[in-house]
Amino acid sequence: MAVSVCAPKVLVSCTTSFLLLLMASLSKAVLDAHYYDHTCPQAEKIILGTVYEASMHDPKVPPRILRMFFHDCFIRGCDASVLVDSTPGNQAEKDGPPNISLASFYVIDDAKTRLEMACPHTVSCADIIAIAARDVVTMTGGPYWNVLKGRKDGRVSKASETINLPAPSFNVTQLIQSFAKRGLGARDLVALSGGHSLGFSHCSSFELRLRNFSSVHDIDPTMNDELAQNLRKKCPKQNKNRNAGEFLDSTSSTFDNEYYRRLMAGKGVFGSDQALFGDYRSRWIVEAFAKDQSLFFREFAASMIKLGNVGVIEKGEVRVKCRVVN
């Protein structure tokens with residue numbers, strides 16, 4: 001039987017490694033798929049009902065909720081800091097430049113109101129976002145996974161910190177670095193980018209690819225010519241239509257792997273999306289997901305669980321109203 005022994009000189013290193021492993025296992029133990037089984041057994045049913053009703057009235061709800069989850073977890077971890085309203089003394093995350101276009105906060109508010117009636121002061125706003133994000137993926141044809149629960153809500157929300165969100169102009173090196181800071185690898189990056197299977201982008205997020213791209217190319221050479229000309233018409237130089245833009249996927253109301261097939265055809269709308277196919281570190285994953293939707297679904301679900309573990313607050317509060325700290 002092999003026995004691990006620490007030499008005296010490396011005892012501190014071994015002890016530190018053990019403590020880090022212990023801390024990692026403890027941090028994962030905070031969340032539990034059955035967290036509300038006894039305190040609020042109907043929680044997930046209430047959230048699903050709220051999200052479903054809202055999505056029936058407004059087809060933009062699913063992509064908005066999914067994006068909300070990403071933006072919440074990438075800043076300060078999954079702590080519902082993205083839901084907090086600004087005050088005279090503090091500009092909150094939702095008013096940071098990358099988050100101005102976030103919407104459908106009312107869906108989370110509605111779910112919270114119903115949950116407070118059913119089980120007061122029990123279900124955190126952070127858990128509501130995580131469950132709602134899973135629900136919008138499943139109801140649009142994507143995978144189902146058990147959401148780990150038990151997050152607490154944060155008390156800090158600063159617009160200035162949204163600068164740390166990955167930009168639609170990032171290259172793969174920048175994307176990998178951004179995801180690595182959250183404990184996510186290249187496979188997670190490519191899988192989670194598949195969230196762009198749902199949704200729409202305004203011209204401002206990709207128009208730099210359409211004109212004066214570089215000293216050599218007017219249009220980003222990695223963009224499909226037909227798509228480029230189409231986008232130039234939708235997003236003219238003097239664009240006065242604030243709502244102008246493009247769907248990120250040709251099947252934008254269905255969660256599927258079409259997004260990856262479009263990348264292989266040069267039809268990624270964001271530069272950061274198309275870069276995934278242009279870089280050897282991510283290209284093979286794009287090709288694998290384009291070929292096998294069930295593989296993409298499995299990887300996406302696994303990466304969503306990992307993302308949901310980022311920066312979890314164990315000893316925080318459960319907000320009574322998601323827009324205001326207690």
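Arg76 lies in the loop between α3 (61-74) and α4 (105-118). The model described here is predicted, and in it the phi angle of Arg76 is near 65°, a positive value in a residue other than glycine. Because its relative accessibility is 38%, Arg76 counts as partly exposed.

**Other loop residues**

- Asn212 is found in the loop between β1 (200-202) and α8.
- The phi angle of Asn212 is near 50°, which is a positive value in a residue other than glycine.
- Asn212 has a relative accessible area of 65% and is therefore exposed, since the cut-off for that class is over 50%.
- Tyr36 belongs to the loop between α1 (11-29) and α2.
- With a relative accessibility of 4%, Tyr36 counts as buried, because buried means under 20%.
- Leaving out residues up to four places away in sequence, Tyr36 touches Pro41, Thr122, Val123, Ser124, Asp127, Lys149 and Gly150.
- One of these partners, Gly150, is 114 residues from Tyr36 in sequence, yet the two C-alpha atoms are 8.0 Å apart in space.

**Nonpolar cores**

- In soluble globular proteins, nonpolar side chains tend to be buried together.
- The largest nonpolar core of this model has 70 residues, and Leu66, Phe69 and Leu83 touch the most other members.
- Helix α5 (residues 125-139) supplies the largest share of this core, with ten residues.
- Apart from this core lies another, of 13 residues, which includes Ile219, Met223, Leu227 and Val269.
- Leu83 is in contact with Met68, Lys94, Phe105, Ile108, Cys125, Ile129, Arg319, Cys322 and Arg323, when its neighbours within four places in sequence are left aside.

**Helices α2 and α5**

- Helix α2 (residues 43-57) packs against α5 at an angle of about 55°, and their axes are 9 Å apart.
- At this angle, α2 and α5 are therefore oblique to each other.
- The crossing in which α2 passes α5 is right-handed.
- On the α2 side, the contact is formed by Glu44, Ile47, Leu48, Val51, Tyr52 and Ser55.
- On the α5 side, these residues meet Ile128, Ile131, Ala132, Arg134, Asp135, Val136 and Met139.
- The residues in the contact of α2 with α5 comprise nine nonpolar, one polar and three charged.

**Helices α7 and α12**

- Helix α7 (residues 186-193) and helix α12 (residues 293-307) pack with their axes 8 Å apart, at an angle of about 110°.
- The two helices, α7 and α12, are therefore roughly perpendicular to each other, because angles of 65 to 115 degrees fall in that class.
- From α7, the residues Arg187, Asp188, Ala191 and Leu192 take part in the contact.
- Their partners in α12 are Phe296, Glu299, Phe300, Ser303, Met304, Lys306 and Leu307.
- Six nonpolar, one polar and four charged residues make up the contact of α7 with α12.

**Helices α10 and α11**

- The axes of helix α10 (residues 271-278) and α11 cross at roughly 90° and come within 5 Å.
- Consequently, α10 and α11 are roughly perpendicular to each other.
- Ala275, Leu276, Phe277 and Gly278 of α10 make the contact with Tyr280, Ser282, Arg283, Val286 and Glu287 of α11.
- In the contact of α10 with α11, five residues are nonpolar, two are polar and two are charged.

**Two residues within helices**

- Phe289 is part of helix α11 (residues 280-291).
- Phe289 counts as buried because its relative accessibility is 0%.
- Beyond its neighbours within four places in sequence, Phe289 is in contact with Val190, Ala191, Asn257, Tyr260, Leu295, Phe296 and Glu299.
- Phe289 and Gln238 are 51 residues apart along the chain, and their C-alpha atoms are separated by 38 Å.
- Lys234 is found in helix α8 (residues 225-234).
- Lys234 has a relative accessibility of 34% and so counts as partly exposed.
- With neighbours within four places in sequence set aside, Lys234 is in contact with Cys203, Ala244, Gly245 and Glu246.
- Lys234 is 43 residues from Phe277 in sequence, and the distance between them in space is 25 Å, C-alpha to C-alpha.

How values were computed. Residues are numbered from 1 along each chain as its sequence is written. This is a predicted model: local features need pLDDT of at least 70, side-chain atom pairs count only at pLDDT 80 or more; totals for chains, interfaces and linings use all residues. Side-chain values use heavy atoms; hydrogens and water are left out. A nonpolar core is a set of buried Ala, Val, Leu, Ile, Met, Phe, Trp, Tyr and Cys residues joined through side-chain atoms within 4.5 Å. Buried means under 20% relative accessible area, exposed over 50%, partly exposed in between (1.4 Å probe, protein chains only). Helices (H or I, at least four residues) and strands (E, at least two) are DSSP runs, numbered from the N terminus. Contact means heavy atoms within 4.5 Å. Axes are lines fitted to C-alpha atoms, for helices over the stretch in contact, and angles run from 0 to 180 degrees between N-to-C directions. Angles under 35 degrees count as roughly parallel, over 145 as roughly antiparallel, 65 to 115 as roughly perpendicular and the rest as oblique. A crossing is left-handed if the near helix is turned anticlockwise from the far one by less than a right angle, and right-handed if clockwise. Ala, Val, Leu, Ile, Met, Phe, Trp, Tyr, Cys and Pro count as nonpolar, Asp, Glu, Lys and Arg as charged, and the others, Gly among them, as polar.
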